[in-house]
Amino acid sequence: MHILVVEDDAVLADGLSRVLGGHGMAVEVVGNGTQADLLLQRAVTAEVVVLDIGLPGMDGFEVVRRLRARGSAVPVLLLTARDAIEDRVRGLEQGADDYLVKPFATAELVARVKALARRNTPKPAGLALGDLSLDLAAKRARVGDKVIELSVREWAVLEYLLQHAARVVSKQQIIDAILPWGDDLTLNAVEVYISRLRLKIADAGVAIRTIRGFGYVLELAT
Amino acid sequence: MSGSIRLRLLRWVIPPVLLMNLLAGALAYMLAPPPLREVVLRTLVLLEIVFALGCVGLVWFSVSNGLRPLSRLRSELNAREGDDLAPIAAAEVPYELEPVVSAFNGLLAKVGEGAQARQDFLANVAHQLRTPLAGLKTQLEWLGARHTEPDTAKSVGLMLSATERMIRQTNQLLALARAEPHHFEKTRLEPLALDALVADAVQSFVDQARLKNIDIGFDLAPATVVGDRFLLRDLIDNLIDNAIRYTPPHGAVTVSVRPKLLIVEDNGPGIPLARREQVFNRYVRLDDKTHGSGLGLAIVRDIAVVHGARLTISDPPDGSGALFTVKFS
């Protein structure tokens, strides 16, 4: 995956390129808005652009405005040192897809970049965490080599949790995500599916943690 | 020039009056026929005493009466909050006091400009710090994710936690500058779902609680309030951050939203009655061992004030801990 990082702070730019590089991405760094604009004019090979707002030469707003004016749809993640509402709104209005306020957790940055890249690529064939894996085409769940039997709704809940691994998801989000399979679902029903799933994936080295009164997190068991 | 206005007036009024009366008395005494002189003298002395007392009374009364607008001004100024630098309304004071009031308003304006410049400077510095802090954090997280030997890993971990503290304090300085009453913009007010504002921030609270082994729970009912999205988010963040910070490991924190209410309950050490007012002051910390700038609850208070919300601390229903309630109007 090719990522273009436009950031004038040398320490941060180097850190971004190390972190993203560590996740198997090919990172190109530019430290100037005008240069970034020229580069993006010639050929957009990047799958995601990570763009700082406060840049020498041409600011990030202008870079993204020109990019969109040329009809490019490459996903742009804005980095901003200011969290004023004007900046956020303006960035998204100019055509940015997402923004992060500095300083951010690198895990958050990687997750957002991957999410943006995923928009433009076909669905993955499978999802996995620990010893648990889902074959999305065959609709088959495995713990290690062993196939486990899941009902349609249990599958939907598990797929949603795995798509959002390590993130807190609310019971309502789960209901909304699996609604096509069930038009009428109560919060209690979600609890029932979760407790069944817990039994079925008990040996997978993953755990579904309850966030009291809110929802769940699927994570590696500790 | 100091001293009492009343005494100064008396010093100027009484001697001439006495002198005039003495001269008039001496004249009357000499002109009166000799058998009546003693009666005239007695009467004059009595009149003199009554007259002098009357003068003192009159001076006392008029000065007190004249000073009444001043004492009203004093009690108004005493009732002000420390950061209320609004000018005194010149229309409500007597003509004679106007120069004093306008001089005072000039001073208030200068102090206000100073405070504004200080806040702007603070916000600017905090913004400037964010990029280098982001660089530092990114580099350290990269280093920490590699399998280094234990000593190095420990050192990286310590640097990372110091960086996190700097980041937190930088963000608090910004929130504080934003929550200043004279920065508050009424135009930004909009109806907001309080429960959704809390739900949006759940991930960071869960991560933070997990690091301290604290059981965090939520009880969110739909609730709409009118407010500033970013300020309310700061309020929620700081209130919950405070609860997690002061609750010992294996404790519990529960966040509830009800119509017009935000309630954060913890089963930590609680706050003694006598200190409940104090904790909302800037730079106050109950426990010096806990890291923090002491700004969190001051930010919460400032934001509650500009939203016209009431902020109270009480005991949780089941005894130990603290229960913070923000009641929106």
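Modeller: Buried means under 20% relative accessible area, exposed over 50%, and partly exposed in between, with a 1.4 Å probe and protein chains only. By that scale Asp219(B) is partly exposed, at 35%. This is a predicted model, in which local features need pLDDT of at least 70 and side-chain atom pairs count only at pLDDT 80 or more, while totals for chains, interfaces and linings use all residues. Residues are numbered from 1 along each chain as its sequence is written, chains are lettered from A and ligands numbered from 1 in the order in which they are written, and side-chain values use heavy atoms, without hydrogens and water.

Colleague: With which residue does Asp219(B) form a salt bridge?

Modeller: A salt bridge is a side-chain nitrogen of Lys or Arg within 4 Å of a carboxyl oxygen of Asp or Glu. The partner of Asp219(B) is Arg258(B), with the closest N and O atoms 2.6 Å apart. Arg258(B) is partly exposed at 30%.

Colleague: Is Asp241(B) buried or exposed?

Modeller: Asp241(B) is buried, at 9% relative accessibility. Its salt bridge is to Arg168(B), again with a closest N to O separation of 2.6 Å.

Colleague: How do strands of a sheet pair?

Modeller: They pair through backbone hydrogen bonds, either parallel or antiparallel. Two strands count as paired if DSSP finds at least two bridges between them; strands are DSSP runs (E, at least two residues), numbered from the N terminus. In chain A, five strands form an open sheet in the order S2-S1-S3-S4-S5, with parallel pairing. Strands S2 (26-30) and S5 (98-101) of chain A stand at the edges, each with a single partner strand, so one side of each has no neighbour in the sheet.

Note on methods: Helices (H or I, at least four residues) and strands (E, at least two) are DSSP runs, numbered from the N terminus.
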